[in-house]
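Morning, everyone. Please have the sequence and the model open on your screens.

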Amino acid sequence: MSQQNPYQGFKNTGECNHWGMVIKVDQCMGCDACVAACTLENQTPFWNELWRTHVEDYELGDYPNSQRVFLPRLCMQCENPPCYYVCPTGATQIVDGGIVVVDEYKCIGCQYCVEACPFGARYMYTYEDIEKSKEYYGENTIHVVPHVDKCTFCYGTAPDDTNTPACVRTCVGGARVFGCLDDPNSEVSILFNTGQAVEINPELGVGSKVRYIFGKQQGRYVENGGEE
Amino acid sequence: MKTEVKNKMNSGKKVAVAVISIVLILIALGMAYYGYKLDQVEEQVFDVPWGLDVVGYTFFALMATGSSIVNSVYTIFGYNGPNGEYKKIIKYGVWFSLSTIFSAWLLVLLGIYKPFDFYYILLFFRMSSRIAWMAAFYTFFALMLVIELLYMILVESWDLLRRIKYLELAIAILVLIATIAVHSNLGEVFGSLISMPAWYGPWLALYFIMSAIMLGAAGQSLFIYVVKHKDSNLKAFMSRYYSEVYLISIPSYLMYLTWIIISAWYSRETVWPVYQTLLFGSEAVIFWGVEMVLGIFIPVALAVYGYMKKSSWAAITAAVLLIIGGFMSKYSLIVLPQELRPYVWLTLQISSYSYFPPTGLLMMFIGACILWPSLYALGALIFPLEEGEKPKHLWIFK
């Protein structure tokens with residue numbers, strides 16, 4: 001194989017072994033700037049409405065106790081990723097920084113990982129998408145072979161030494177916090193360790209490195225909107 | 001009373017059947033490849049990543065492996081039939097298993113997006129992946145079937161083989177081990193996914209084994225009837241034997257399915273919507289009409305009749321209905337949980353996709369269906385599969 005794994009050799013994650021993200025749900029205003037930034041950065045197939053990250057809009061409860069919640073979703077960068085274990089060719093890899101990526105050349109498109117992901121964070125990047133991508137991005141197209149695509153925390157594409165994903169850099173409400181979980185003084189570590197940031201579906205045992213803060217409720221949505 | 005009825009076809013007829021088989025095989029491969037190319041440019045069904053290709057693969061794979069389990073009644077447990085009739089059909093049974101697995105392979109190979117990179121599985125084998133092990137076990141299974149068939153053909157002319165004690169039994173045991181390994185691993189391909197509660201758990205392997213015995217017996221009986229339709233004694237034996245297999249396997253399957261449904265009811269939130277749709281919802285007509293009435297209840301009645309009266313038409317009709325019902329039950333098992341997939345975010349959400357196979361996948365499936373009898377017919381013509389028939393050309397051919 002003369003082709004090379006595009007993720008090899010980047011080593012852009014510095015000394016950190018565990019990058020993580022916290023999403024402050026109350027601070028997300030649903031502007032979709034993160035979606036746009038991610039789409040441009042990673043050339044995701046927006047023409048098929050497939051995204052590495054997207055924002056879901058929920059209306060919970062009944063009037064007058066109703067509540068509108070914007071919930072950004074992305075790959076949870078699991079510590080124990082089901083997609084990694086099921087991949088038959090080793091295309092899904094855990095690279096430095098504990099980030100789960102897909103080697104596009106090794107991926108055969110069996111879509112076992114798509115089935116295995118409990119968060120629906122993966123999709124197939126097809127030949128048609130490559131052609132579309134060429135139309136939009138010309139010679140700057142980054143995806144050249146079909147593969148299963150997913151969020152990589154902008155591994156290898158983040159500028160300078162920031163290591164920061166495009167969605168975090170562009171978030172106007174400061175809803176996304178990114179940092180090293182190995183550093184006990186980083187904001188993400190504090191939010192993780194103090195229990196403010198909660199794991200979605202902890203019963204799955206996958207150890208998500210993307211966690212959520214639900215504001216007043218300190219957890220999931222509650223029926224009365226959190227009011228006493 | 002022993003009547004020797006030989007299916008003597010004149011050579012002209014044989015050549016015609018061989019030519020038709022080869023043409024059909026080429027058409028099947030061409031059609032499947034065209035379907036694959038079409039599938040590449042068609043709009044992808046993102047919501048249901050495993051569609052008709054995986055359903056068809058599971059269906060053919062279960063039929064092939066189930067046929068091997070049925071063969072083991074003779075090869076391992078030594079049942080010969082009242083007048084040694086089983087010896088007349090065993091080689092056809094082994095060839096049925098081997099030829100059927102090719103249709104499964106065709107579908108699974110073209111079902112992956114980059115089939116020509118398939119060898120990466122062996123090159124970069126990941127031990128934790130069930131699909132990687134599937135490739136390994138199927139290779140082992142097919143290899144063992146080839147060895148078993150070769151042994152059965154060669155032993156007719158090589159005395160040396162006959163003198164090696166327990167060789168036949170050893171090969172047969174290895175085939176059965178490979179079969180059970182394949183079923184267990186196939187069950188885990190689905191059962192290890194925590195993301196799919198309707199599949200999750202260790203129960204699928206057993207479900208596949210039970211389902212495979214029904215499908216394997218039905219498939220091989222149907223094809224062997226076609227080859228042996230002139231031998232009335234053998235037909236009577238087959239009617240009784242296969243009806244007996246149906247009468248053992250169908251109630252076991254039905255009991256297990258009932259247990260699955262009851263246990264799904266207890267996991268109401270995530271799994272029950274799938275079975276609710278199947279039992280009372282939009283899929284109820286398919287479940288009750290095709291899978292239950294056509295695929296289970298009528299075959300049971302026909303099997304009882306076939307067993308009592310040694311009726312060929314009853315056994316053949318039961319086989320056809322079991323195949324149809326067996327296919328639809330695999331369709332429901334694989335597609336429906338993907339259509340009604342649960343996601344727990346702020347609240348539990350159940351997706352409600354509606355899947356219909358795209359044209360490319362339909363063509364691939366039809367190609368595999370054409371390949372199935374064509375390959376079997378060609379093998380029945382070129383391999384010496386009759387009892388006591390010695391190979392005449394190139395050690396293994398007629």
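First, the ground rules. This is a predicted model, where local features need pLDDT of at least 70, side-chain atom pairs count only at pLDDT 80 or more, and totals for chains, interfaces and linings use all residues. Residues are numbered from 1 along each chain as its sequence is written, chains are lettered from A and ligands numbered from 1 in the order in which they are written, and side-chain values use heavy atoms, leaving out hydrogens and water.

Salt bridges, then. A salt bridge is a side-chain nitrogen of Lys or Arg within 4 Å of a carboxyl oxygen of Asp or Glu. How many salt bridges are there over all chains? The search finds 13.

Take A:Glu187 and A:Lys24: their closest N and O atoms are 2.9 Å apart. A:Glu187 sits in helix 6 and A:Lys24 in strand 1 of chain A, so this pair ties together parts 163 residues apart in sequence. Helices (H or I, at least four residues) and strands (E, at least two) are DSSP runs, numbered from the N terminus.

Next, A:Glu56 bridges to A:Arg73 at 2.5 Å. A:Glu56 is in strand 2 and A:Arg73 in strand 3 of chain A, so parts 17 residues apart are tied together. Buried or exposed? Buried means under 20% relative accessible area, exposed over 50%, partly exposed in between (1.4 Å probe, protein chains only). A:Glu56 is buried at 15%. A:Arg73 is buried at 8%.

Now the backbone. Most residues other than glycine have a negative phi. A:Glu49 has a phi near 55°, a positive value. A:Glu49 lies in the loop between helix 1 and strand 2 of chain A, and is exposed at 61%. A:Cys154 also has a positive phi, near 55°. A:Cys154, however, is buried, at 6%.

Over to chain B. The axes of helix 3 and helix 9 come within 10 Å and cross at roughly 70°. Axes are lines fitted to C-alpha atoms, for helices over the stretch in contact, and angles run from 0 to 180 degrees between N-to-C directions. That makes the two helices roughly perpendicular (65 to 115 degrees).

Last, B:Ile27. It lies in helix 1 of chain B and is partly exposed at 42%. B:Ile27 belongs to a nonpolar surface patch that also includes B:Val23 and B:Leu24, with about 490 Å² of accessible area for the whole patch. Patch residues have over 30% relative accessible area and no salt bridge, with nonpolar side chains (Val, Leu, Ile, Met, Phe, Trp, Tyr) joined within 5 Å and like charges within 9 Å. Accessible areas come from the Shrake-Rupley method with a 1.4 Å probe, and for residues only the protein chains shown count as cover.

Note on methods. Angles under 35 degrees count as roughly parallel, over 145 as roughly antiparallel, 65 to 115 as roughly perpendicular and the rest as oblique.
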